[in-house]
Amino acid sequence: MTCMGENRGIPLTIVKSDGGYTYDTSDMAAIKQRIVEEKVDWLIYVTDSGQATHFQTIFACSERTGLINKEIHRVDHVGFGVVLGEDGKKFKTRSGDTVKLTALLDEGLQRSLAKLKEKGRHEQLTPEELKIAQEAVTYGCIKYADLSHNRISDYMLDDKGNTAVYLLYAYTRIKSIARNCAEHFKLSNDLVQATTIALDHEKEWNLAKVLFRFGDVLLKLSKDFLLNHLCDFTYEIATAFADFYDKCYCIEKNKAGGEIIKINHSRVLLAEATARVLEKCFHILGIGLVEKM
């Protein structure tokens, strides 16, 4: 029993001649269950790009049988490139040559802890804070290294370009500003309403312009599902904030470097806005937050 997509020569097999069932059968049943029983209106399938033809056929058959109504339902196949080894050939999990995720995570935890200790963070952080930083760096770096690639392209197992560590470091800088200001004022709706954010310095304006693009980036993401664009945007925020942080003082201290003598409320609020956009980006990317590192 087959269901042919319009103008296609590839049959979709519901029941084989021997009475058996296939992936076609289970995928059609899953679509029916999700639309009829769960009442969903948007289905997203994430597999490697080699399954594209299969899902094109599944979706076409679902439309012809009346399961999917394009005016009500949206279905997308989010394909990603296959993972290649150093020899340029596709990894095969059954061969046993792939790196196990548990081994990768364990190695990452060891390396991140060693790096944090190398920088003396174990002397500045409590054991609990050190563990939070260790896990945030490890899991964030692995997720970010994966998501920062264009999902359509095949990719080698390497880690080049910007990293989650840089992004997390930018975020901890902002949180340190908030901690330093805590004794002098509390961020509240009243303070936000009473303060006008002035974008007088070039670096303030550059940072604000990046933040303003957040909505457009999310809209694009909802259409093409290319998370590497969000990674690029998050890195752009961190870079713009670093430039702002170096040139625009949020807090001024006395010559001894201890007592705060002036707080620029406008810049503190701009930094807080940056933190909140970063938090949303981290949430979408699955990167855990850490306020001290």
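## Basis and overall make-up

Helices (H or I, at least four residues) and strands (E, at least two) are DSSP runs, numbered from the N terminus. On that basis the chain comes to eleven helices and eight strands. The model is predicted: local features need pLDDT of at least 70 and side-chain atom pairs count only at pLDDT 80 or more, while totals for chains, interfaces and linings use all residues. Residues are numbered from 1 along each chain as its sequence is written, and side-chain values use heavy atoms, with hydrogens and water left out.

Of the 293 residues, 38% count as buried, that is, under 20% relative accessible area, with exposed meaning over 50% and partly exposed in between (1.4 Å probe, protein chains only). The chain exposes about 18,100 Å² (Shrake-Rupley method, 1.4 Å probe; for residues, only the protein chains shown count as cover). Carbon and sulfur atoms supply 51% of that area. Among contacts (heavy atoms within 4.5 Å) with a separation of 6 or more, 71% are between residues 24 or more positions apart.

## Nonpolar cores

A nonpolar core is a set of buried Ala, Val, Leu, Ile, Met, Phe, Trp, Tyr and Cys residues joined through side-chain atoms within 4.5 Å. The largest has 47 residues, and Leu168, Ile177, Phe233 and Ile237 have the most contacts inside it. Elements that each supply at least two of its residues include helix H5 (127-147), helix H6 (164-181), helix H10 (227-247) and strand E8 (260-263). Helix H11 (265-285) is also one of these elements, and H11 gives the most, with nine residues.

Beyond its neighbours within four places in sequence, Phe233 is in contact with Val210, Arg213, Phe214, Val217, Val277 and Cys281. A second, separate core has 14 residues, among them Ile14, Met28, Ile31 and Ile68.

## Cysteines

The structure holds zero disulfides (pairs of cysteine sulfur atoms within 2.5 Å). The closest cysteine sulfur to that of Cys248 is in Cys250, 7.7 Å away and therefore too far for a bond. Cys248 counts as buried because its relative accessibility is 2%.

Cys281 is likewise in no disulfide, and the nearest cysteine sulfur, that of Cys231, is 9.3 Å away. Cys281 is buried, with a relative accessible area of 0%.

## Second largest pocket

The lining of the second largest pocket consists of Ser176, Ile177, Asn180, Tyr245, Asp246, Cys248, Tyr249, Cys250, Ile251 and Lys253. H6, H10 and strand E7 (251-253) each supply at least two lining residues, and H6 gives the most, with three.

A pocket is an open set of points on a 1 Å grid over the protein atoms alone, where a 1.4 Å probe fits, with protein on both sides within 12 Å along at least five of seven lines; lining residues have an atom within 4 Å of a point.
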